[in-house]
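Please look over the structure below.

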Amino acid sequence: MDVKAEDFFLAAKLDMPRDTKVSKVGSNVTLINVMRIPGLNTLGISLARIDYAPLGENPPHTHPRATEILTVLEGTLYVGFVTSNPENKFLSKVLNKGDVFVFPEGLIHFQLNPNPHKPAVAIAALSSQNPGAITIANTVFGSKPAISDEVLANAFQVEKKTVDWLQAQFWEDNQN
């Protein structure tokens, strides 16, 4: 009885380009989920506009609660995902305007704009009102408190100084 039209509306301006320079990885994700539109609660759907600078990427990440279907609106994207253990099979494709690709729930995936001169834009639909996003590098090397360099050096089979260098980087979120 307390529901109103505003619970199902957002003037999101998804037709407007987003600033990709605010991110080191050259992308800007504008997520429209239940936190922005309360009426999405229990409906199992959300969406995102993703803007990519030339050579920009949406780095390897996963959605623990959603499958994603991505549609390229402008430009070209190189996309891919890795299946789970033990196969760890890498599946990838170059997408052009109008192409669609599916990333299954929970699998690590990415998108890269391979064009050094032109930006790209995509819309993603996700099968959850709150899909979550776990960016792999941020999670592993930017955790607070930090995961032990001994643990990470052993896991990645690199020297501790390499892990220390990676942990010292400024890990940021491209999700807005």
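## V94

Is V94 buried, partly exposed or exposed? The model is predicted. In it, the relative accessible area of V94 is 48%. Buried needs under 20% and exposed needs over 50%, so V94 counts as partly exposed.

V94 sits in strand β6. Leaving aside residues up to four places away in sequence, V94 touches T76, L77, Y78 and D99. F9 lies 85 residues from V94 along the chain, and their C-alpha atoms are 34 Å apart.

## The open sheet

Five strands form an open sheet: 5 strands in the order β6-β5-β8-β3-β10, with antiparallel pairing. The edges are β6 (90-96) and β10 (134-135). Each has a single partner strand, so one side of each has no neighbour in the sheet.

Within this sheet, β5 stands between β6 and β8 in the order. Strand β5 covers residues 76-82, and strand β8 covers residues 109-112. These two run antiparallel and are joined by 4 bridges.

## Strand β1

Strand β1 spans residues 27-32. How many of its residues are buried? The count is 6 of the 6, so β1 is largely enclosed by the rest of the structure.

Both faces of β1 are covered. On one side, S27, V29 and L31 are buried. On the other, N28, T30 and I32 are buried too.

Strand β1 pairs with strand β2 (residues 46-52). The pairing is antiparallel, over 6 bridges. N28 has D51 in β2 as its bridge partner.

Note on methods: Residues numbered from 1 in each chain as written. Predicted model: local features only at pLDDT ≥ 70, side-chain atom pairs only at ≥ 80, totals over all residues. Heavy atoms only, no water. Buried < 20%, exposed > 50% of the residue type's maximum accessible area, 1.4 Å probe, protein only. Pairing = 2+ DSSP bridges. Contact = heavy atoms within 4.5 Å.
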